Amino acid sequence: MSAEAEHEVSEQLIKVAREIILKDQEEATALLGQFNRNLNYIKEQFPAVKIIARGDRLLIEGPPEEVDRVHELFDRLLDIIEDHHVPSLEEIRYLVEKVKEGESVAGVLSDVITVTHWGEEIRPKTVGQREYVEAIERSDIVFAIGPAGTGKTYLAVAEAIAHLKRGKVHRIILTRPAVEAGEELGFLPGDIMAKVNPYLRPLYDALYDMISSEELARYRGDGRIEVAPLAFMRGRTLNNSFVILDEAQNTTHTQMKMFLTRLGFNSKVVITGDITQIDLERGKSGLVEVQHILKGVEGIEFIYLDKGDVVRHPLVRRIIEAYERYERGEGKGESEGAGEREREQAGQGQGDQEPRQKHRPKPKHRHEHEGEHEQELEPEP
């Protein structure tokens with residue numbers, strides 16, 4: 001047996017045991033889940049490790065590296081519980097995934113940004129989201145680029161509400177370009193605000209999660225919260241403000257430059273967008289360009305989120321992965337081949353049948369298009 005093989009065998013034979021002592025039954029239930037749901041999931045994900053829960057003690061036994069990972073996972077979960085948050089199974093799945101990849105999960109789910117008007121705490125739920133929130137606290141201009149469902153807009157609005165309530169800024173301005181995503185809204189009735197309101201709806205959705213409708217109406221009435229299309233930003237200087245530009249992938253070069261130069265004293269700007277969903281018909285996206293133009297400029301940060309930061313329904317991540325594979329070309333040949341086979345089968349099916357002729361009465365007036373000719377069929381006797 002080679003030295004390497006002997007080393008691998010010896011590593012497999014070496015086992016260690018570590019113990020975690022829980023405070024009380026309440027902490028045990030929050031950690032292990034109802035009917036040990038969380039514990040059973042963790043056991044499934046780490047089959048080489050034996051995890052035994054006995055009263056107020058948790059015994060972890062197995063290969064040293066795996067035991068360390070499971071111990072780190074439980075430590076992080078206990079820190080979250082101590083911070084008065086009961087982790088959901090979806091949050092545990094994310095933490096397990098990161099621990100198995102060898103990534104640090106320190107700080108995930110720890111910092112509360114704000115609390116919704118029904119009492120739910122809003123926290124960064126992934127490593128990428130934590131970096132995003134820290135960047136907003138640290139820098140005056142932050143770009144968040146990533147796919148749908150990564151919390152780009154939601155966390156930015158949460159940070160804006162927190163800044164307003166702490167008195168760090170005097171007002172919040174939410175804006176986005178009025179670009180149709182394949183729909184035609186230009187003929188809707190009403191004044192200019194009625195026409196652009198459908199574009200701004202996602203921003204209102206985030207606001208209604210953070211504050212009650214009465215509070216939002218009061219803030220909008222006294223000008224402390226403003227929601228407006230990007231075109232309304234021209235010519236303004238935005239002091240003491242928290243400004244969010246959403247859907248920035250649909251800005252042009254000129255619009256992006258105009259928006260960034262609105263920054264006033266004691267203000268923060270967050271720009272969010274998904275460069276895989278550009279709806280511009282002509283010209284290059286201002287969000288794509290600005291990554292090269294402002295790269296390395298002090299006081300400006302770019303945060304890139306990915307499918308690992310998706311916190312919507314689990315299917316959203318799978319959908320993003322499927323589209324990424326297709327757009328890389330991995331699925332195109334297969335789908336095109338399948339389409340060709342379907343057409344061939346359809347052609348064969350038609351060939352097996354005798355052609356049927358339809359009897360159509362000849363119209364009194366017929367307008368033929370140029371290049372089109374129809375053969376009139378004589379009716380059978």
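Analyst: H10 covers residues 253–260 and H11 covers residues 286–293 (DSSP runs numbered from the N terminus: helices are H or I of at least four residues, strands are E of at least two). Their axes lie 8 Å apart and meet at an angle of about 60° (lines fitted to C-alpha atoms over the stretch in contact; angles run from 0 to 180 degrees between N-to-C directions). H10 and H11 are therefore oblique to each other (under 35 degrees is roughly parallel, over 145 roughly antiparallel, 65 to 115 roughly perpendicular, the rest oblique).

H10 brings His253, Met256 and Leu260 to this contact. From H11 come Gly286, Leu287, Glu289, Val290 and Ile293 (contact means heavy atoms within 4.5 Å). By class, the residues of the H10 and H11 contact are five nonpolar, two polar and one charged (Ala, Val, Leu, Ile, Met, Phe, Trp, Tyr, Cys and Pro are nonpolar; Asp, Glu, Lys and Arg charged; the others, Gly among them, polar).

The model is predicted: local features need pLDDT of at least 70, side-chain atom pairs count only at pLDDT 80 or more, and totals for chains, interfaces and linings use all residues. Residues are numbered from 1 along each chain as its sequence is written, and side-chain values use heavy atoms, with hydrogens and water left out.

Stay with Met256, which sits in H10. Met256 is buried, at a relative accessible area of 3% (buried is under 20%, exposed over 50%, partly exposed in between; 1.4 Å probe, protein chains only). Setting aside residues up to four places away in sequence, Met256 touches Phe143, Leu245, Ala248, Thr251, Ile271, Gly286, Leu287 and Val290. Three of these partners, Gly286, Leu287 and Val290, also belong to the H11 side of the helix contact. Leu230 lies 26 residues from Met256 in sequence, with 9.6 Å between the C-alpha atoms.

H6 (residues 127–138) packs with H7 (residues 152–165) at about 40°, the axes being 11 Å apart. H6 and H7 are therefore oblique as well. H6 passes H7 in a right-handed crossing. Gln129, Tyr132, Val133, Ile136 and Glu137 make the H6 side of the contact. Lys152, Leu155, Ala156, Glu159 and His163 make the H7 side. By class, this H6 and H7 contact holds five nonpolar, two polar and three charged residues.

Glu134 and Arg130 join their side chains in a salt bridge, 3.6 Å from N to O (a side-chain nitrogen of Lys or Arg within 4 Å of a carboxyl oxygen of Asp or Glu). The two are separated by about one helical turn, because they stand four residues apart in H6. Arg130 counts as buried at 16% relative accessibility. Glu134 is partly exposed at 35%.

The whole structure has 22 salt bridges. Lys98 and Glu101 form one of them, with N and O 3.6 Å apart. Lys98 is buried at 11%, whereas Glu101 is partly exposed at 46%.

Lys307 and Glu324 make another salt bridge, their closest N and O atoms 3.5 Å apart. This pair links distant parts of the chain, 17 residues apart. Lys307 is in the loop between strand S11 (300–304) and helix H12 (314–327), while Glu324 is in H12. Both are partly exposed: Lys307 has a relative accessible area of 28%, and Glu324 has 27%. Elsewhere, salt bridges with shared partners tie Glu19, Asp56 and Arg57 into one network.

Ser104 is in the loop between helix H5 (89–100) and strand S4 (114–115). Ser104 is partly exposed, at 47%. Apart from neighbours within four places in sequence, Ser104 is in contact with Glu72 and Val127. Glu72 is 32 residues from Ser104 along the chain, and their C-alpha atoms are 9.0 Å apart.

Last, the whole chain. It has 13 helices and eleven strands. Of its 381 residues, 40% count as buried. Among contacts with a separation of 6 or more, 68% come from residues 24 or more positions apart.

Methods. A crossing is left-handed if the near helix is turned anticlockwise from the far one by less than a right angle, and right-handed if clockwise.
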